Amino acid sequence: DIDAANSININSSAKDGVQANDATVTLDAENVNIEAKKWGINNIAENDSKVEIDATDVVIKGEEGAIRTLNNGKGEVTVNAKGTTFVEGDIYAEGKGKVTVGFRGEESVLKGDVTTEGDAETTLSFEDGATWYADGNAPSNVTKLNMNGGNLDVKSAGADAVTVKTLTGTAMNVNVDKLEEATVVVNHEKD
């Protein structure tokens with residue numbers, strides 16, 4: 001566990017910013033900033049492992065991607081920000097991994113695609129003007145998407161650019177650059 005009154009800054013010029021291998025990593029501070037050459041957060045585990053971030057403001061950036069969980073066990077990544085969440089890079093979950101990230105307010109942004117494979121689960125929440133910019137480098141698929149005044153901006157990625165298994169919330173704005181090239185599919189399934 002890392003607990004700091006003000007800020008936790010993790011910068012990795014060669015590897016992952018935070019990596020959890022069959023362990024629990026908790027970052028608790030006013031501000032958490034993670035920037036990495038590879039993955040911002042990389043949770044690889046055969047057993048249970050967790051990465052938990054509790055902060056007012058969170059920034060996660062990775063050149064290969066922002067958040068990845070590859071798990072045969074119950075690996076989880078949870079980002080709880082009371083203020084702004086800024087994630088630049090893709091989110092990837094496979095196996096039995098679970099990724100949960102909340103975005104609140106107009107300054108909160110996800111810039112990247114989301115891939116959910118196997119029995120993995122991704123839960124994203126966008127509230128009060130927060131925006132997901134799906135860049136379209138790969139089709140995105142999300143297990144649960146909660147939109148309470150959130151925005152989805154699909155640049156242009158071909159068919160099935162964004163697929164959502166369960167959509168909840170009260171309001172959602174969708175913007176596409178090229179309508180003929182971008183698709184949003186919602187397959188609403190009750191829990």
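Begin by selecting Lys-38 in this predicted model and displaying what surrounds it: leaving aside its neighbours within four places in sequence, Lys-38 is in contact with Ala-14, Lys-15, Asp-16, Gly-62, Glu-63, Glu-64 and Gly-65. Colour by secondary structure, and Lys-38 will be found in the loop between strand 4 (24-36) and strand 5 (39-45). Lys-38 has a relative accessibility of 34%, and because that value lies between the 20% and 50% cut-offs, the residue counts as partly exposed.

Next, select strand 4 and look at the strands paired with it. Strand 2 (residues 7-12) pairs with strand 4 in the parallel sense, over six bridges, and within this pairing Asn-11 stands opposite Glu-35 of strand 4. Strand 6 (residues 49-62) also runs parallel to strand 4, and the two are joined by 12 bridges; to see one of these positions, select Asn-31, whose bridge partner in strand 6 is Asp-57. As you follow any such strand, bear in mind that in a regular strand the side chains alternate between the two faces of the sheet.

Now move to Thr-69, which is found in strand 7 (residues 65-71). Is Thr-69 buried or exposed? Its relative accessibility is 0%, and Thr-69 therefore counts as buried, the cut-off being under 20%. If residues up to four places away in sequence are not counted, Thr-69 touches Asn-43, Gly-75, Val-77, Tyr-92, Ala-93, Glu-94, Gly-97, Lys-98 and Val-99.

From there, turn to the largest nonpolar core, which has 42 residues, and select Ile-53, Ile-67, Leu-124 and Trp-132, the residues with the most contacts inside it. In soluble globular proteins, nonpolar side chains tend to be buried together. Keep Leu-124 selected and show its surroundings: not counting residues up to four places away in sequence, Leu-124 touches Ile-91, Val-101, Phe-103, Leu-110, Val-114, Val-142, Lys-144, Leu-145 and Asn-146.

Finally, select the whole protein, which has zero helices and 18 strands. Of its 191 residues, 47% count as buried, while the protein exposes about 9000 Å², of which carbon and sulfur atoms supply 41%. Among contacts between residues at least 6 apart in sequence, 45% join residues at least 24 apart.

Methods. Residues are numbered from 1 along each chain as its sequence is written. This is a predicted model: local features need pLDDT of at least 70, side-chain atom pairs count only at pLDDT 80 or more; totals for chains, interfaces and linings use all residues. Side-chain values use heavy atoms; hydrogens and water are left out. Helices (H or I, at least four residues) and strands (E, at least two) are DSSP runs, numbered from the N terminus. Buried means under 20% relative accessible area, exposed over 50%, partly exposed in between (1.4 Å probe, protein chains only). Contact means heavy atoms within 4.5 Å. Accessible areas come from the Shrake-Rupley method with a 1.4 Å probe; for residues, only the protein chains shown count as cover. Two strands pair if DSSP finds at least two bridges between them. A nonpolar core is a set of buried Ala, Val, Leu, Ile, Met, Phe, Trp, Tyr and Cys residues joined through side-chain atoms within 4.5 Å.
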